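Please open the structure in your viewer and keep the selection tool at hand.

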Amino acid sequence: MTFSKTTGKGGKYLDETSDYILWYSKNLANLKYHQIYLPKEYGADGATEYRCLMSSDGAWRTVESREFLNLDALLREGQVFSHDNFTSQTGSETTIFPFELDNGAIPAPKKGGWKTNTRGMDRLKKSRRLIRIGKTPRYVRYFTDFPIYPLNNHWTDTNISGFGEPKVYVVQTYTKVIQRCLLMTTDPGDLVLDPTCGSGTTAYVAEKWGRRWITCDTSRVAVTLAKQRLMTGVFDYYDLAHTEEGVGSGFVYKTVPHITLKSIANNPEIDVIHEKHRPKVEAALAALNTAAKTSYEEWEVPFDPDPAWPEAAEKAHKKFLSTRQKRQAEIDVSIQKNAPQETLYDQPQADKTKVRVTGPFTVEAVPAPTVEPLTGDTPAVLPADDSAARTGESLRQDEWRAELLAAGIRGRSGQQIAFARLEPLGGTRWLHARGETKDDPPKQVAVSFGPEHAALDARQVEMALKEAQHLVPRPEILAFAAFQFDPEAAKDIDETNWPGVTLLKVQMNTDLQTDDLKKKRSSNESFWLIGQPDITLNLITEGPEAGTILLSVNGFDYYDTRTGTVDGGGPEKIAMWMLDTDYDGRSLFPRQVFFPMAGKNEGWAKLQKSLKAEIDEEKIEAYRGTVSLPFKPGKKQRIAVKIIDDRGIESIVERELDVPEA
């Protein structure tokens, strides 16, 4: 969950105004969760779709944004609502039927069915919950049907400011943040643990909401602040659900009706109320038709009287509308009364005649004023960015080796390098495993794993090559397996010529970084061979584009596991490629991007369709190919191409340019 913690300090660089909460459950079956709701505001988050107004006599119109500025006047005129589709993707014999609305025929849905049956549809009509927009029926959802909306995982109203609660501790968390976490996941009487007490916010909030708590800290200052904050706190006294059972029985909470289409369709009281008022409504309608010399059905009566009507007809019209409004008001009360209730766990009912203070608590221990130094052979803690590849044998490398032995290395067109054995390699720092393939005869293989949280760099390639030269027997395949490859490292692997030895780049799947969540099986696609991009540069020497360069991507050069050789592959498996025409050697800036495998509704074509603007059709077509647009050499006289194949495997190739700068 993301929550705002400050409005910004006006720093030199991008301000950090948010922090994060990780919500973890060891067993989802035992997870406790209470939905927290926030009040809707007209025209604001959670209520932007409410843009219509229904008057008491049944007339409705669209609301303009400026009208929300004078909300009181708007609400005196009627109820704000939104209209929604009420068809279901699935239908049955009871939900697929035509019906009449406002003297117009509504056909049965062509796909699926209605969200209710014929009886429910009749109640929706009686409740004035259906309108027509053109020939389409729509369900009326009033703002007051559910004046709250569920809290999600993005909290923007939690920042500490000068007008909020005082911040007495440098790491103090805004009370509202802890409060929401506690209310969402615990009940009164539950035990809450905070192992980093700080200013005691968690204990304070737990005490406020009737939870038991344990908090601890190594700092005397923190413990003292927490004790002071708790002992001086004053809290509301909440009514208990069952007084005799104590706080563990829970509180009496405020509830809010949640009116839905289903609750209306299943409310039989609507039929009773409608039938009770039917004689009066029919009598008022008959009086209107007699006075106005008309033959209106109920739904045909206009909301405003005809200027040509006599005075008696105007009075009869007013009487009819009043009679119908009384019926509607009673139906609305029944709808609200019979709707399911949502519990507001942050609004327990308080007894204002009582004041509560913190209950008894104890301080079980106080930390010693000094900390003894660690003794013995405890290894020093490594920096967070130190890689496994630079620290010798590790448990992580052992897991990767076991996965590599089980799953092998996937190649193109279903090929695979399978291993008969793969063992840890002792006495080396940059090579981590060696073994044999299942080929006949088997090939000797050595493996160098890259870092877990960084790119495999050129130094590792250099040192692994030196160590490999001393291996007996000499490896026939030297595989560099990494999550990322530094461009210089990739270049060294691709361009190293060691007779009799093939150097391979192997992409490690990021799933390996959560290895404890993966099943161990031979079908895992944890390691993939990376192809070497094959490109051609052509200098244009004539015409208006003389002095520019065209780059062609010819495809990948892949290691063929059947022949043990590197063979050329065509461009048909290239999903995307990017060109940096002035590569700085560190960061690839894609100045041209191509989608060779994209169809008419993918890649740049999809963007063109979305923008609905004038875009050069010729260039759009070129960006679906394997030849770049003409470009001029940049100041650095170097280009880089990143190619991504249909498996999602990336590879980068660089080239120096010997062309005079434009």
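Select residues 377-393 to begin. Throughout this stretch the pLDDT, which is the predictor's confidence in each residue on a scale from 0 to 100, stays under 50. The model has 23 contacts beyond four places in sequence for these residues, a contact being heavy atoms within 4.5 Å. The structure is a predicted model, in which local features need a pLDDT of at least 70, side-chain atom pairs count only at pLDDT 80 or more, and totals for chains, interfaces and linings use all residues. Residues are numbered from 1 along each chain as its sequence is written, and side-chain values use heavy atoms, with hydrogens and water left out.

Now colour the whole chain by confidence. Its mean pLDDT is 84, and 86% of the residues reach 70 or more. Residues 366-372, by contrast, have a pLDDT below 50, and the model gives this stretch five contacts beyond near neighbours in sequence.

**The whole chain**

Switch to a cartoon view. The chain comprises 13 helices and 35 strands; helices (H or I, at least four residues) and strands (E, at least two) are DSSP runs, numbered from the N terminus. Of its 662 residues, 42% count as buried. Buried means under 20% relative accessible area, exposed means over 50%, and partly exposed lies in between (1.4 Å probe, protein chains only). Among the contacts in the chain with a separation of 6 or more, 62% are between residues 24 or more positions apart.

Next, display the surface. The chain exposes about 37600 Å², of which carbon and sulfur atoms supply 52%. Accessible areas come from the Shrake-Rupley method with a 1.4 Å probe, and for residues only the protein chains shown count as cover.

**A surface patch**

Select Trp23, Leu28, Leu31 and Tyr33, which make a nonpolar surface patch of about 410 Å². Patches consist of residues with over 30% relative accessible area and no salt bridge; like charges are joined within 9 Å, and nonpolar side chains (Val, Leu, Ile, Met, Phe, Trp, Tyr) within 5 Å. Tryptophan 23 is located in the loop between strand E2 (18-20) and strand E3 (37-39). Its relative accessibility is 39%, so tryptophan 23 counts as partly exposed.

**Salt bridges**

A salt bridge is a side-chain nitrogen of Lys or Arg within 4 Å of a carboxyl oxygen of Asp or Glu. The structure holds 31 of them.

Select aspartate 145 and arginine 129. They form a salt bridge in which the closest N and O atoms are 2.6 Å apart. Aspartate 145 lies in the loop between strand E12 (136-142) and strand E13 (148-150), and arginine 129 in the loop between helix H2 (118-126) and strand E11 (130-133), so the pair ties together parts 16 residues apart in sequence. Are these two residues buried or exposed? Both aspartate 145 and arginine 129 are buried.

Proceed to glutamate 207 and arginine 356, whose side chains meet in a salt bridge (3.8 Å, N to O). Because glutamate 207 belongs to helix H4 (residues 201-208) and arginine 356 to strand E20 (residues 350-357), this pair ties together parts that are 149 residues apart in sequence. Glutamate 207, at 11% relative accessibility, counts as buried.

Then select glutamate 282 and arginine 278, which form a salt bridge with their closest N and O atoms 3.3 Å apart. The two are four residues apart in helix H7 (residues 269-292), and are therefore separated by about one helical turn. Both count as partly exposed: glutamate 282 at 43% relative accessibility and arginine 278 at 33%.

Finally for this topic, select Asp122, Arg123, Lys126 and Asp271, which are linked in a network of salt bridges.

Cysteine 197 is buried, with a relative accessible area of 6%, whereas cysteine 216 is partly exposed at 38%.

**Helix H10**

Conclude with helix H10 (residues 458-468). Its buried residues are Gln460, Val461, Met463, Ala464, Leu465, Glu467 and Ala468. Display their neighbours: these buried residues pack against strand E25 (444-449), strand E26 (477-482), helix H11 (487-495) and strand E27 (502-508).
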